[in-house]
Amino acid sequence: MKIAVCVKQVPDSWAEKKMVNGVLDRESVDAVLNDLDEYAVEEALRIAEAHGGNEEGGPHTVTVISMGPERATEAVRKALSMGANDAILITDSKIAGADALATSAVLAAVIQKGGFDLVICGTESTDARMSVVPAMLAERLNAAQLTFASKVEVDPSAQKVSITRVTEAGVEEMNASFPCVISVVEKINEPRYPSFKGIMAAKKKVIESRDLAAVGVAVDSAWSLVADSSPRPPRAAGIKVSDDNAADQMVSFLAEKKLI
Amino acid sequence: MSNVLILADFVSSKATKTNAELATVGARIGEVTAVVLAPSGKGAAMAAEINKGPVSKVVLVESDAFVNNGVAAVADVLAQIIATQSPAAVLIASHAFGKEVAARTAVKSGSGIITDAVDVSADVTATQLVFGGSTTVHSKVSHGTPIITVRPNSIDANVAAATPAVETLSLQVSDASKKATVTSTQPPVQGGRPELTEADIVVSGGRGTNGDFSAVEGFADSLGAAVGASRAATDAGWYPHSYQVGQTGKTVSPQLYVACGISGAIQHRAGMQTSKTIVVINKDPEAPLFEIADFGVVGDLFAVLPKATEGVKARKS
């Protein structure tokens, strides 16, 4: 199997984020591998390991694909140190501020060219939080969409995948044939910490850098544009009580606010 | 007058109250047509549920693929309707399913997409609250048909009774949209409480419950509220994952959010920060969630909640 894992470098969840010229200012904040993508990397490795492994010369490969500035190499390197085989980083000044539609178009072109059986993603990036790229990838690749999986089972010889997912409609079982785009929720596994050996090995692994010309996709300016943005006044803390009749005071507060 | 499509929102064939919210927003832009995509034989009953808010018309398509093949099938037919009706905007409920439908529909129709809007104006400018609610953003789709998902509970809905005319369309779901198949569905156990993202009041429990949600549930029931949980509580297996509030869980925006024994990690705040009123109960006076509480109680939730439950019941009787 050829497995692709899509990852994104994002500002640290704790970093204070701000908008500059209608896009997130990424320069001024610490950047890390989107922690929800670690579950995707882990799941890809587990799928490979369950069916013969992804060591050199083994039957399966796990390729990390990312789009971002040069410094996204750090996030990609982390995924490699967990055990992925190689990586493709799409870097181009024209993709700064790309929206989900452009991102999915670029990723889909790279995935199409690579001929992957499975594409595994996290459910969302912790910065934009749209949760739309996996569905867009499935649409663009004409592949089966198996998203929000809390369990994934792959039968490589039959080229079939079945997943379990929890949705508003309840607990669903879904299945599909290769190629599939899968997104995995954080409950699915416990991502491994890169071992020292893994970190050393990752330094020698290939991160292929491509620009948009090499990918063969032109990126328009974003199809949705920010007109303006403004910081919201922080919520001020209100009343705080700690005495014995706190519960009564709380109920009175709710009644005053007409919430009861 | 221009035409606006709303994708009618159903859970287990029951219309949600989000439909009136979508219609209210849509009516600012143009005449609202609700698109009802129903499994075979259920269309008439589901269309009849679109009976509130400023909806002028219902277009109905029946296909079992909407249930069996999910997002791909819904987006397929929605894109076909967009192609023939050229609406000024398409509005969809902003939950996981709605956002994925919007995503695929945007790709199919060559349109821009905005998700998690909390408001949309007459000129189709969307308001979003980003970065954990710390920043307000106004944006517009600049390409194709604006496809906007609107967060449930954000809009003060017009719920006047409506009897829109129903037009049945005969549209096919292509085989390309049937690549993933739902083989079984176990409906969630609701237990009579309102749905989390739709509820006017949400009472959530966290690490401080120590796994005992009875006090949280008791207080929630006295208020007719939904019950939520923090990631710590769902990770520990104390409450089902589908009730998780926060990043990777549900985003809620109720009139009242009561956080019990939740310290307030940034990931939790991301899912509840836009609640209109926030009440926090925590033993630890330093819990960060107190910073955004309108009313904070420093105390043991097992002592505070039963008393408060009695207090609420007394006022209601």
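**View 1. A strand from chain A pairs with a strand from chain B in this predicted model.**

**View 2. Helix H4 of chain A crosses helix H5 of chain B.** Here you can follow H4(A), residues 133-141, to where its axis comes within 8 Å of the axis of H5(B). The axes cross at roughly 40°, and the angle makes H4(A) oblique to H5(B). As for its hand, this crossing is right-handed.

**View 3. Side by side, here are the residues that bring H4(A) and H5(B) into contact.** From H4(A) come Ala135(A), Met136(A), Glu139(A) and Arg140(A). Facing them in H5(B) are Glu100(B), Ala103(B), Arg104(B), Val107(B) and Lys108(B). If you sort this helix contact by class, you will find five charged residues, four nonpolar ones and no polar ones.

**View 4. Stepping back, this view takes in the contact of chain A with chain B.** Chain A gives 64 residues to the contact, and chain B gives 73 residues. On the side of chain B that touches chain A, the largest share belongs to helix H5 (residues 96-109) of chain B, with nine residues. By class, that side of chain B has 33 nonpolar, 29 polar and 11 charged residues.

Technical notes: Residues are numbered from 1 along each chain as its sequence is written. Chains are lettered from A and ligands numbered from 1 in the order in which they are written. This is a predicted model: local features need pLDDT of at least 70, side-chain atom pairs count only at pLDDT 80 or more; totals for chains, interfaces and linings use all residues. Two residues are in contact if their C-beta atoms, placed from the backbone, lie within 7 Å. Helices (H or I, at least four residues) and strands (E, at least two) are DSSP runs, numbered from the N terminus. Ala, Val, Leu, Ile, Met, Phe, Trp, Tyr, Cys and Pro count as nonpolar, Asp, Glu, Lys and Arg as charged, and the others, Gly among them, as polar. Two strands pair if DSSP finds at least two bridges between them. Axes are lines fitted to C-alpha atoms, for helices over the stretch in contact, and angles run from 0 to 180 degrees between N-to-C directions. Angles under 35 degrees count as roughly parallel, over 145 as roughly antiparallel, 65 to 115 as roughly perpendicular and the rest as oblique. A crossing is left-handed if the near helix is turned anticlockwise from the far one by less than a right angle, and right-handed if clockwise.
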